[in-house]
Every structure is written in C-alpha cells, then in structure tokens.
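Good morning. Please look at the model on the screen while I go through one part of it.

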Amino acid sequence: MTLTANKNILRWTIIIVSFIIISLILWNTYIFFQNFKQEERIKMQNWSKAQKEITKTTNLDGDIGELPLEILRSNSSTPMILLDAKGNVTSSNNIDEEKIQDPEYAKKLIEQFKKENQPIEIKYKDKIFSTLYYGNSPLLNKLKYYPMALLLIIFLFIAVAYFFYRSAKNAEQNKLWTGMAKETAHQIGTPLSSLVGWTEILRSENVNPDYIKEIEKDVNRLQTITERFSKIGSVPTLKKTDIVQETLDSYDYLKARSSKLIDFEITTPHANIFVNLNAQLYSWTIENLVKNAIDAMKGKGELKIAIVEDGKYVKVTISDSGKGIPKHQFNKIFEPGFTSKKRGWGLGLSLSKRIIEDYHKGKIKVLQSEIGKGTTMLISLKLV
C-alpha cells in the first residue's frame with residue numbers, strides 16, 4: 001500500500017513539476033516575443049524619424065547627414081510600406097517590387113500590417129505628410145509559432161510516454177493472465193486424472209455403458225479445456241485439419257448440452273475443407289460464439305451455423321435470433337473486458353479474435369446485426 005502511495009505521489013510530483021516548467025517556458029517565450037516586437041517598433045520609429053529628418057533637410061535645401069541614410073538602409077528584414085498624405089505608395093522595403101505595384105495586393109498587405117502593428121504617422125510642422133505601415137519580420141513570425149511547436153512536441157512526448165506506460169501495463173497484465181491460466185490448467189490436471197481412474201472403476205462394476213460414455217465425453221471435454229488454458233501465452237501448433245468435421249464435433253457437443261428451447265441448425269458442404277488449424281483453440285472460438293448467441297437469445301430462439309467455401313477462403317457464419325448489437329459496438333465487443341451481460345469477464349470475444357486473427361491469420365467480425373432480430377458472426381480462414 002505504501003509503495004503504491006509513493007508511486008502516486010511521485011507521479012503527481014512529476015506531472016506538477018512538468019506543468020510548472022512548461023508554463024515557465026511558454027511565459028518566457030511570450031515575454032521574449034513581446035520584447036522583440038517592441039524592439040522592432042523602436043527600430044521602425046527610428047526609421048520614421050530618419051525619414052522625417054531627410055524630408056526636413058530636403059525642404060530646407062540642406063545637406064542630408066550620413067546617419068539618417070544609414071538608418072534607412074539598416075532595415076533588411078521588416079516588411080514596410082510608406083504612404084503619402086494622399087494614400088499613394090511612395091516606397092516599400094523587403095516586399096516583392098512587382099507585387100507591390102498591384103493596388104489590390106498593396107491594399108491587402110496594408111490591412112494585414114495594420115492588424116500586426118500600429119501604423120506610425122510621420123509629421124512635419126504638425127502636418128502628416130506620410131504614414132508608415134510595417135509587418136512582423138520573418139524571425140518574429142517564426143517566434144510566434146514557437147509556443148505551438150513546443151506544445152506539439154510536449155503533447156507527442158506525453159502521448160509516447162502514455163502509450164509506453166499502457167503497453168508496459170498491458171504486458172504485465174498479460175503475464176498475470178498467462179500465469180493464472182497455466183496454473184489453472186495445472187490444478188485441473190490432478191482431479192481430471194482421478195476422474196479417468198474412477199471411470200475405469202465404474203466400467204469394471206458393470207455400470208450402464210451409456211452413463212460411462214457420457215462421463216467420458218465430459219472428461220475429454222475437461223482435458224480439451226485444460227489444453228486450451230495451457231496453450232495461453234505460447235504460440236499454438238497448427239495442423240492441416242478438416243474444418244467441417246471440427247465444426248461438427250463442436251456443434252454436436254454444444255447442442256447436446258444446451259437448452260432444448262434452442263433450435264439448432266447447421267449447413268455444411270459434403271466435401272472436406274482443409275485449413276491450418278489448432279483444433280482445441282478453434283473449438284474454443286466456436287464455443288464462445290455459440291454461448292454468446294445463446295445468451296443474446298436468453299436461452300430461446302434459433303441458432304444457425306453455416307460453412308461455405310469462397311475462393312481461397314472458408315467462411316463460417318454463426319447466426320442467432322437474439323437482441324442484436326448496435327452498429328457502433330461492432331468493433332468494441334472484441335475489446336478485453338467489454339460485456340453487455342451482468343455476469344461475465346468480457347474476455348470470450350477478445351480471446352476469439354486473438355485465436356482467429358493472431359494465431360490463425362484469419363478474420364472474425366460482425367457480419368450483420370439488427371436490433372431485436374439477431375446477429376451473424378463471420379470467421380474467415382485461408383484454405384491450404
């Protein structure tokens with residue numbers, strides 16, 4: 001408990017410190033941006049003063065000093081447009097000379113500059129003789145997007161860390177489930193061996209053979225379940241197998257042990273259909289789908305299984321007349337832990353998806369479903 005509490009404290013400490021650091025970086029970036037913007041305005045104000053000095057000197061027929069000219073020439077980055085009192089463009093700097101000749105382009109550019117910076121009026125003897133419009137320099141524009149780029153990098157970093165954490169947690173949970181499954185298989189093995197022995201004793205006592213036959217079926221079923229659990233966490237062996245016969249075996253077993261109110265029906269081709277299959281895991285998938293169908297029908301209705309050879313694939317469909325599945329849940333039902341039942345772990349369809357798609361390289365999906373009318377599930381496997 002203490003270790004968990006310490007981990008939570010450490011996690012929240014890291015989150016809070018990271019938030020503070022990010023906030024400080026963004027705030028300093030904002031302050032730097034504003035300072036840089038102010039520096040550019042001072043530069044433009046000096047430029048306008050130099051322009052005023054040149055105008056004054058020109059009107060007095062005096063010599064133009066070197067300093068005003070140097071200030072005018074020093075602007076090599078900030079785009080600017082100078083308008084006279086009548087609104088005509090008298091000069092521009094750091095703007096395409098051909099484009100600025102277009103009045104519409106110049107008008108749009110002036111409107112853009114007005115949004116970016118307050119225009120500077122150049123006065124002489126209390127009379128406005130020109131107005132300076134200027135925009136942000138390329139460096140300032142890049143700096144403006146820096147906080148967004150920084151936030152994007154931080155977001156990506158958090159996303160990577162989150163997915164790494166989730167992957168590590170899922171791997172840990174998978175190890176736990178694998179260990180539990182193998183331990184369960186081990187624990188079942190001992191009483192199962194005892195049941196086999198008791199079956200032989202009953203046979204020697206001349207018990208009705210039909211009873212012994214049914215007991216042996218259930219013992220064999222328990223052995224199959226034990227093999228299933230023992231295979232969790234390891235790559236199963238696939239063998240060339242007749243999928244028609246394997247489906248029929250699972251169908252017969254489930255039909256005999258299901259409610260008599262379920263109307264079972266199976267349609268299969270007369271010829272064998274061979275696929276690379278692990279019989280125990282495939283029968284587990286059929287069992288999961290059939291039991292889900294029976295639950296959806298609340299123990300009463302029609303259940304149909306059909307096997308069809310389609311080109312390079314064999315398709316197995318399981319249809320029921322149950323309550324149906326909403327379309328937005330077609331993919332969600334295969335997620336671990338998802339269940340619409342009051343009881344259940346929500347692992348049946350997740351295991352089925354893993355068996356068919358990860359181990360057998362096939363496909364399993366909801367083929368069609370209608371609320372109140374039923375659902376059809378589809379399994380597709382490649383022929384050999």
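Predicted model: local features only at pLDDT ≥ 70, side-chain atom pairs only at ≥ 80, totals over all residues.

Residues are numbered from 1 along each chain as its sequence is written, and side-chain values use heavy atoms, leaving out hydrogens and water.

Helices (H or I, at least four residues) and strands (E, at least two) are DSSP runs, numbered from the N terminus. H7 covers residues 243–256 and H8 covers 279–296; their axes are 10 Å apart, at an angle of about 50°. Axes are lines fitted to C-alpha atoms, for helices over the stretch in contact, and angles run from 0 to 180 degrees between N-to-C directions. H7 and H8 are therefore oblique (under 35 degrees is roughly parallel, over 145 roughly antiparallel, 65 to 115 roughly perpendicular, the rest oblique).

Which residues of H7 meet H8? They are Ile243, Glu246, Thr247, Ser250 and Leu254, and among their partners in H8 are Tyr282 and Ile286. Contact means heavy atoms within 4.5 Å.

Now the sheet. Five strands form an open, mixed sheet in the order S6-S8-S9-S11-S10; two strands pair if DSSP finds at least two bridges between them. S10 and S11 run antiparallel, joined by seven bridges, and Val366 has Met377 in S11 as its bridge partner. H8 packs on this sheet, its direction making about 25° with that of S9.
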